[in-house]
Structures are given as structure tokens and as C-alpha cells.
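Trainee: I have a sequence and a fold on the screen. Could you show me how to read the features one by one?

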Amino acid sequence: MCNIKVKLITGAQQQLLTDITLITFADDCIELHSFFEPVLTLSGYQPVTMDLLAGEVVLQQYKQ
């Protein structure tokens, strides 16, 4: 199974989400899908890195 980790960066805080199976990038939001949790919809985040070898995506909140 190829689940990935998503690191959310909000200011100085970081949160690690695991078991993510699908990430959908839309114009105004990012959706994180998982086998075990409901879909998480994020607004105000942008992708920073996608390390496919490590299975990790970093999403950072916009600086406003």
C-alpha cells in the first residue's frame, strides 16, 4: 500500500497527517483523502515539496 504523510505548516506550528491515499488540488482548496478519516478540505495552503521517495508532501499556509 502506498499511503503518504502530509506535513501541514501553519506559521511556526507543524502537524503530521498519516495514511493519506489521495491529494486533490483545486483552484481554491486542497482535499486530503484517507481510508480511515473523512475528506479533509484545506483552504489557504500551497504545496511546498513532494518527496516521492520518502512518501511525504509538505503543505504550507499562505502568508497573509
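Trainee: Where is the place of Y62?

Mentor: This is a predicted model, so keep that in mind throughout. Y62 sits in the segment after β6.

Trainee: Where is L53, and is it buried or exposed?

Mentor: L53 belongs to the loop between β5 and β6, the latter covering residues 56-61. Its relative accessible area is 85%, so L53 is exposed. Now pair it with Q14. L53 and Q14 lie 39 residues apart in sequence and 21 Å apart in space, C-alpha to C-alpha.

Trainee: Now the sheet. In what order do the strands lie?

Mentor: Start with a general point. In a regular strand, side chains alternate between the two faces of the sheet. Here, 6 strands make an open sheet with mixed pairing. The order is β4-β3-β2-β1-β6-β5. β4 (40-42) and β5 (45-51) are the edge strands, each pairing on one side only. From one strand to the next, the twist averages 40°.

Trainee: How many bridges join β1 and β2, and in which sense do they pair?

Mentor: Strand β1, residues 4-10, pairs with β2 in the antiparallel sense over 6 bridges. T10 has Q13 in β2 as its bridge partner. The hairpin of β1 and β2 has 2 residues between the strands. In that hairpin, G11 takes a positive phi near 60°.

Trainee: Which way do β1 and β6 run, parallel or antiparallel?

Mentor: β1 and β6 run parallel, joined by 5 bridges. Follow K7 across: its bridge partner in β6 is V58.

Trainee: And how do β2 and β3 pair?

Mentor: β2 and β3 are antiparallel, with 5 bridges. Opposite T24 stands E31 in β3.

Trainee: How do I read a pocket?

Mentor: Rolling a probe the size of a water molecule over the atoms shows where empty space is left. In this model, the largest pocket holds about 150 Å³ of space.

Trainee: Which residues line the largest pocket?

Mentor: Its lining is L17, T18, D19, I20, L32, S34, F36, E37, P38 and L40. β2 (13-25) and β3 (30-34) each supply at least two residues of that lining. β2 gives the most, with 4 residues.

Trainee: How many lining residues are nonpolar, polar and charged?

Mentor: The lining of the largest pocket has 6 nonpolar, 2 polar and 2 charged residues.

Trainee: How many aromatic pairs does the whole structure have?

Mentor: A search of the whole structure finds 1 aromatic pair. F35 and F36 form that pair, with centres 6.2 Å apart and 65° between the planes. A pair of aromatic rings is described by the distance of the centres and the angle of the planes. An angle over 60 degrees counts as edge-to-face, so the F35 and F36 pair is edge-to-face.

Trainee: Are F35 and F36 buried or exposed?

Mentor: Both F35 and F36 are exposed.

How values were computed: Residues are numbered from 1 along each chain as its sequence is written. This is a predicted model: local features need pLDDT of at least 70, side-chain atom pairs count only at pLDDT 80 or more; totals for chains, interfaces and linings use all residues. Side-chain values use heavy atoms; hydrogens and water are left out. On a 1 Å grid over the protein atoms alone, a cavity is a set of points where a 1.4 Å probe fits but cannot get out, and a pocket is an open set with protein on both sides within 12 Å along at least five of seven lines; lining residues have an atom within 4 Å of a point. Grid points are joined across faces, edges and corners, and a volume is the space filled by probe spheres set on the points. Ala, Val, Leu, Ile, Met, Phe, Trp, Tyr, Cys and Pro count as nonpolar, Asp, Glu, Lys and Arg as charged, and the others, Gly among them, as polar. Rings of Phe, Tyr and Trp (its six-membered ring) pair if their centres lie within 6.5 Å; planes under 30 degrees apart count as stacked, over 60 as edge-to-face and the rest as tilted. Buried means under 20% relative accessible area, exposed over 50%, partly exposed in between (1.4 Å probe, protein chains only). Two strands pair if DSSP finds at least two bridges between them. Axes are lines fitted to C-alpha atoms, for helices over the stretch in contact, and angles run from 0 to 180 degrees between N-to-C directions.
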